[in-house]
Amino acid sequence: MVQLFRTRLRNFPSLVNNCTIDWFMPWPDEALVEVARDAFDPIAEISDQHKASIVTMAGHIHLSVEKASGTFLSELSRYNYVTPTSYLELLRTYKTLLASKQTELATAKKRLVIGLDKLASTEVEVATLQKQLEEMQPVLIKTAADVEEMMVQIQKDKSAADETRTVVVREEAIASSKAEECQGIKDSAEKDLAEALPALDEAVQCLRDLKLSDISEVAKYANPPGGVKLVVEAICVMRNIAPKMEAAPDGKGKVANYWDPGKKMLADAKGLLDAMFQYDKDNIPEKTIQRIQPFMDDPAFEPKKIEAVSKACKAMCQWVRAMHTYHFVAKNVEPKRRALNAAQEELDVLTENLNKLRAALKEVEDKIAELEFSFNQSVAKKESLQRQVDDATVKMDRANRLLGGLGGEKVRWQETVQSLTVSEGSLVGDVLIAAGSVAYLGPFTAAYRADLCATWRSQLADLQLPHTEGATLMSVLNDAVLQRAWAIAGLPTD
């Protein structure tokens, strides 16, 4: 028979190419276990203990569906073919759904955990901001008070500085006027002195040019010329040297003879020059001026005429005339000098007072500058604190609105996170039921599906695999939005 069938197939190959042989050999239990073990070994997320139970459970699912298919045929006369392909589909679906659900639950849990962390951090931030506001408000109030106080003090000091500045300007004007007055007096005195000083300087220079020998030669005269005699007499008068009184040639009275004491004076040439150089020209007695006046009026007492007789006497003549001229100039200048001294003393007092006022003004201005610097710093601090308070207030308002909007969700999120955590632990069993439903339960009616799922849950409990009580395909893979879309499309609810 076998050889005849083989020959017929060779003769008619379409019998093989265009026909499906509806006959399969069932896999033994060992094959089911080995294939499942080989499929689940690479999954690192499942512990070894659970892997062994899952492998056993996969075999149970396959065998239970085979048994249910027999009942399904006997009761409803409907065929359901359970093939090795269905078993492989179970294994593939399990791995795919497990990875998908693990990612889905982890993502959902992470999202909620992040939300809870954000709520917790917001609560902490609100508490921190509240504490900061409580700490900053007194500082802000104190800083604002300090700013107001400094503003008042600055205005007060500025008013005092303005008053002091007005006094300083007035005193400066007075001092400037007094300085101009002093300078005018000084210029006038120097102008008057300028008339006498050239002659005095010339006379002093002539004295410097004199040689001691020239003076000594004059002393050698036994009967000096009139010009020499006249000069010696004038020198004696200027130096207040008493003459020698002699009888007059006409026998009437006595006449003054200055030559003899004059010769003694001339004999000490160095002493004479020193006396003339050191002569107190600023304090010449009025009596001496009166006595020297006739010499000034005498036409013969002229340097040019005296020079014809003696060079040394010319210098002494110039000196006498210079002293005479200087006396009257100094006499005219003296009131101006006194006025200048008085004005200078008054100017010194004004200057001293002005310097004191300037120092006081500088002290006030420095104080104002320091206060303004502190004021600016305080204003900047106040503005910075105000910005911080405003920023903290805005942040706290936003945080409170966030907490107010999501505060009611916190408990639900916490419960959901706990539920997702439990679901993560039950995935190995729940996904196994879902994968079995996808791979095998399509042809069955609702009653058969419910019975098979109940059987699988009982076997999961026996194998101590974590799972959710009452787990079904719908409970594991249910997506309310997607399910509603299916219903709208006309698909059945199961």
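1. Glu 34 and Arg 37 join their side chains in a salt bridge, with N to O at 2.9 Å; the term denotes a side-chain nitrogen of Lys or Arg within 4 Å of a carboxyl oxygen of Asp or Glu. Both residues belong to helix H3 (residues 29-40), where they are three residues apart, about one turn of the helix. Helices here are DSSP runs (H or I, at least four residues), numbered from the N terminus. Glu 34 is partly exposed at 47% relative accessible area, and Arg 37 is partly exposed at 36%; buried means under 20%, exposed over 50%, and partly exposed in between (1.4 Å probe, protein chains only).

2. The model is predicted: local features need pLDDT of at least 70, side-chain atom pairs count only at pLDDT 80 or more, and totals for chains, interfaces and linings use all residues. Residues are numbered from 1 along each chain as its sequence is written, and side-chain values use heavy atoms, with hydrogens and water left out.

3. The count of salt bridges comes to six. One of them links Glu 89 with Arg 92, whose closest N and O atoms are 3.0 Å apart. These two residues lie three apart in helix H5 (residues 84-209), a separation of about one helical turn. Glu 89 is partly exposed, at 32% relative accessible area, as is Arg 92, at 44%.

4. A salt bridge also connects the side chains of Glu 307 and Lys 314, at 3.8 Å from N to O. Glu 307 is partly exposed, with a relative accessible area of 42%.

5. Arg 457 is buried and has no salt bridge; Glu 469, the nearest side chain of opposite charge, is 5.4 Å away. Leaving aside residues up to four places away in sequence, Arg 457 touches Ile 433, His 467, Thr 468, Gly 470, Ala 471 and Thr 472, contact meaning heavy atoms within 4.5 Å.

6. Helices H7 (residues 226-238) and H8 (residues 259-267) pack at about 80°, their axes 9 Å apart. Axes are lines fitted to C-alpha atoms, for helices over the stretch in contact, and angles run from 0 to 180 degrees between N-to-C directions. H7 and H8 are therefore roughly perpendicular to each other, a class covering 65 to 115 degrees, with angles under 35 counted as roughly parallel, over 145 as roughly antiparallel and the rest as oblique.

Key:
Lys, Arg positive; Asp, Glu negative; His and termini not counted.
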